[in-house]
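Subject: Structure for you to look through

Dear colleague,

Here is the structure I promised to pass on, with my notes below it. Please read the notes with the model open beside them.

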Amino acid sequence: MTKFIYFLGATETASLVAMPATRCTLQSSDGNQESQPQPSNHEVVVDYSDQNYHVSNGVKMDPLVKIENIQVKFFRILQRLGLSQDNLLVAKVLYRIHLATLVQAKESDLKRINQSNDRARVVAAEQEAAGLPDLDFSIRILVLGRSGVGKSATINSIFDQTKTTTDAFRPATDCIREVVGTVDGIRINIIDTPGFLPSSSHNVKRNKKIMLSVKRFIRKSPPDVVLYFERLDLISMGCIDFPLLKLITEVFGAAIWFNTILVMTHSSSVLPEGSDGFPVTYDSYVTHCAHLVQHCIHQAVSDSRIENPVILVENHPLCKKNRMGEKILPNGQVWKSQFLLLCICTKVLSDANDLFKLQNSIELGPLATTRLPSQPHLLSSLLRHRAPVNASALDNEIIESLLSDVEEDDEYDQLPPIRILKKTQFESLTKAQKKEYLDELDYRETLYLKKQLKEEYRRQRERRLSEGENLASDGNFDGQQDSPEAVLLPDMAVPLSFDSNCPVHRYRCLLTSDQWLVRPVLDPQGWDHDVGFDGISIETAAEVNTNVFASATGQMSKDKQEFSIQSECVAAYSNPGGTTYSVGLDVQSAGKNLIYTLHADTKLRKLWHNIADCGVSLTSFGNKYYIGAKVEDSISIGKQLKFVANAGRMGGPEQVAYGGSLEAILRGRDYPVKNDNVSLTMTVMSHNKETVLGGSLQSEFQLSRNLRMSVNANLNNRKMGQICIKTSSSEHLQIALIVAFTIFKGLLRRKSTDRSSPEASESR
């Protein structure tokens with residue numbers, strides 16, 4: 001809430017048309033347009049010299065009393081200037097002060113606060129009628145801008161007398177000096193500074209030297225208001241000096257823009273022509289120029305939350321005047337009174353912010369886009385099934401399923417030899433004979449692959465037994481394998497052209513005899529089209545010792561603005577009794593921060609058809625920590641049917657998420673050679689007193705010999721879901737049919753859209 005009030009005290013954006021002081025709006029963080037002025041981040045010297053401000057007996061005065069005194073002083077100034085208290089800008093300033101007081105006050109003071117405005121009006125009227133006490137109110141203003149934009153001329157117009165010299169052909173101010181005067185009974189102290197030169201390699205040092213001198217000058221007594229000058233007639237010509245705005249932000253800090261007012265001089269100049277050849281309207285042109293300057297300030301500060309008020313100024317002697325002799329703009333506005341009111345409101349809001357010490361509650365700069373990780377997402381990541389660490393070893397469940405089919409092993413050995421036909425011989429067969437021939441080849445291939453898997457498992461088991469015997473007989477045996485022989489891989493196909501559109505020749509995948517696999521991550525459509533190199537991927541898996549395995553995978557990517565990394569490191573120990581212990585560390589980028597997850601799992605396997613799993617995890621994100629735990633159990637019924645049930649809990653800062661799932665998997669008859677399967681999953685997730693029930697269906701099967709299809713569908717109780725269907729085929733005719741269907745569907749959709757357009761136009 002403090003951060004919100006800090007914006008309430010900020011400088012407001014004045015209207016650019018008839019009433020510039022009536023627009024004081026700022027976009028709030030929730031997207032609603034709220035009147036929110038921005039306060040200064042530097043200290044504001046407030047002189048509470050009234051009798052009500054005195055401290056008695058060494059006890060500090062109640063802040064509510066000080067706020068009431070500020071309101072009284074504000075109402076007295078309005079009466080002296082002849083301004084109505086019903087002015088929209090005045091009402092918004094009082095509302096912000098009232099809101100800030102409500103946040104800071106106690107419940108016992110609410111009634112007193114609600115009556116403070118009426119009481120302040122009565123007291124202000126009585127004090128003005130009696131003339132006591134003296135109104136002690138002054139405004140300290142800092143003037144910044146390029147040379148020749150009219151800073152000195154504006155100072156003379158404010159005081160209605162020549163306070164500074166002006167020159168149309170060369171800079172008139174060559175040093176920092178203070179100009180003091182009184183306007184309508186208000187003491188104004190203006191710090192006039194030398195003008196900046198247009199940004200260039202030669203002028204940067206001079207401009208920075210001037211800024212550093214100004215910074216030292218205002219260090220002991222900071223200004224209440226900062227005026228930044230631009231010429232209205234030159235903004236649309238691209239004369240906004242963005243490097244100068246950036247340099248001002250670097251030297252003075254981003255907080256200087258909190259209490260800055262944009263002053264646009266030469267506001268009665270001839271308007272430019274629009275696209276239709278006629279001059280644009282005054283209001284639209286002023287709005288356009290103000291948006292251009294404000295956009296440059298947002299870019300210099302790297303923050304679009306700040307909005308600066310705009311005041312239009314005309315200092316030419318031949319400027320139109322009203323009956324009172326006051327200079328008016330083409331839209332009929334008396335700019336001097338509006339300028340004075342805007343400075344007074346900025347000063348009052350700064351005093352209120354300084355009283356509540358709200359200046360340091362926010363910092364300007366790039367908004368942090370990273371959000372805290374979602375606890376349901378972390379819980380889902382904890383519950384997901386992780387692949388075995390030892391990639392070279394086969395899954396015990398698969399092995400048990402294969403070893404149970406002893407008859408199939410014998411059946412392959414008993415098959416009679418088959419004659420492999422040549423292409424011409426195959427083409428001479430009838431359609432039925434071709435089908436029978438291909439089916440026989442598929443059947444033999446399936447039996448052969450199953451036999452190969454069984455033999456691979458037997459070789460691994462025999463190797464482990466021999467290693468165990470050698471280890472028992474020779475304690476110095478390190479159990480390491482001989483390095484595999486190097487295999488010469490075919491070279492990559494290099495395109496004929498070395499144009500940037502064919503960057504394939506730039507890449508080679510380094511393959512060595514060790515376990516490390518390093519590959520580039522290519523993205524031809526990325527930011528660097530010439531190279532197409534988006535990152536690097538690293539994978540490794542090794543057997544550290546007997547029954548101890550380790551694996552690490554990671555990917556790093558880098559573009560012109562962001563760097564991301566994702567890695568998973570796991571180490572596991574397999575007990576010959578069937579228990580597996582594993583521990584791992586996951587690292588993932590989240591904006592400019594990193595998410596670290598330390599997890600540990602234990603798998604208990606007493607029977608081949610039943611595996612129990614329990615695990616814990618600790619996730620760290622910044623200074624937030626999340627602790628999770630899970631239990632899981634899987635039961636296999638036969639070779640094809642498997643049930644998996646799990647449940648977990650993820651706890652974080654003041655929040656807890658619970659979840660679980662029940663999954664049924666039906667595999668094909670030739671599993672694992674052919675990965676045909678259908679799985680049905682039911683999930684439940686509870687977080688923040690909300691429960692989400694969901695279901696998903698995943699299936700992968702082979703429709704024909706050359707066509708495979710996968711179907712993924714999910715739906716939850718919030719009526720949210722999706723369906724995804726993927727097909728893969730090696731037949732050109734089937735691919736062509738899919739493309740033709742897609743084109744036909746697109747044409748039908750376009751035709752329906754074209755047909756609905758005339759009907760909509762007729763209805764209008």
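Of the 764 residues in the protein, 37% are buried, where buried means under 20% relative accessible area, exposed means over 50% and partly exposed lies in between (1.4 Å probe, protein chains only). Please keep in mind that this is a predicted model, in which local features need pLDDT of at least 70 and side-chain atom pairs count only at pLDDT 80 or more, while totals for chains, interfaces and linings use all residues. Residues are numbered from 1 along each chain as its sequence is written, and side-chain values use heavy atoms, with hydrogens and water left out.

The protein has 17 helices and 22 strands; these are DSSP runs numbered from the N terminus, with helices being H or I of at least four residues and strands being E of at least two. Taking contact to mean heavy atoms within 4.5 Å, 58% of the contacts between residues at least 6 apart in sequence join residues at least 24 apart.

Turning to the interior, a nonpolar core is a set of buried Ala, Val, Leu, Ile, Met, Phe, Trp, Tyr and Cys residues joined through side-chain atoms within 4.5 Å. The largest such core has 89 residues, and those with the most contacts inside it are Phe74, Ile188, Ile190, Leu227, Ile248, Phe252 and Ile344. Helix α11 (residues 335–356) gives the most to this core, with 13 residues. A second, separate core has eight residues, among them Tyr626, Met650, Ala657 and Met685. Once residues up to four places away in sequence are set aside, Ile188 touches Ile139, Ile141, Ile158, Phe159, Val179, Val180, Gly181, Val183 and Leu340.

Gly253 follows α9 and has a positive phi, near 95 degrees.

Helix α12 (residues 375–383) has Gln375, Pro376, Leu378, Leu379, Leu382 and Leu383 as its buried residues. Seen down the axis of α12, these fall within an arc of 160 degrees and therefore line one face of the helix, the arc being that of the directions from the helix axis to the C-beta atoms. They pack against β15 (610–621), β16 (624–637), β17 (641–652), β18 (655–667) and β19 (677–687).

His599 lies in strand β14 (residues 593–607) and counts as buried because its relative accessibility is 4%. Leaving aside neighbours within four places in sequence, His599 is in contact with Arg386, Val570, Ser582, Val583, Gly584, Leu585, Asp586, Val616 and Ser617.

Ile418 lies in the loop between α14 (406–414) and α15 (423–427), and at 33% relative accessibility Ile418 counts as partly exposed. With residues up to four places away in sequence not counted, Ile418 touches Tyr437, Glu440, Leu441 and Arg444.

Most residues other than glycine have a negative phi. Ser302, however, has a positive phi of about 60 degrees although it is not a glycine; Ser302 is found in the loop between α10 (282–301) and β8 (310–312). Asn688, also not a glycine, has a positive phi of about 55 degrees and is found in the loop between β19 and β20 (690–704). Asn688 is partly exposed, with a relative accessible area of 45%.

With best wishes
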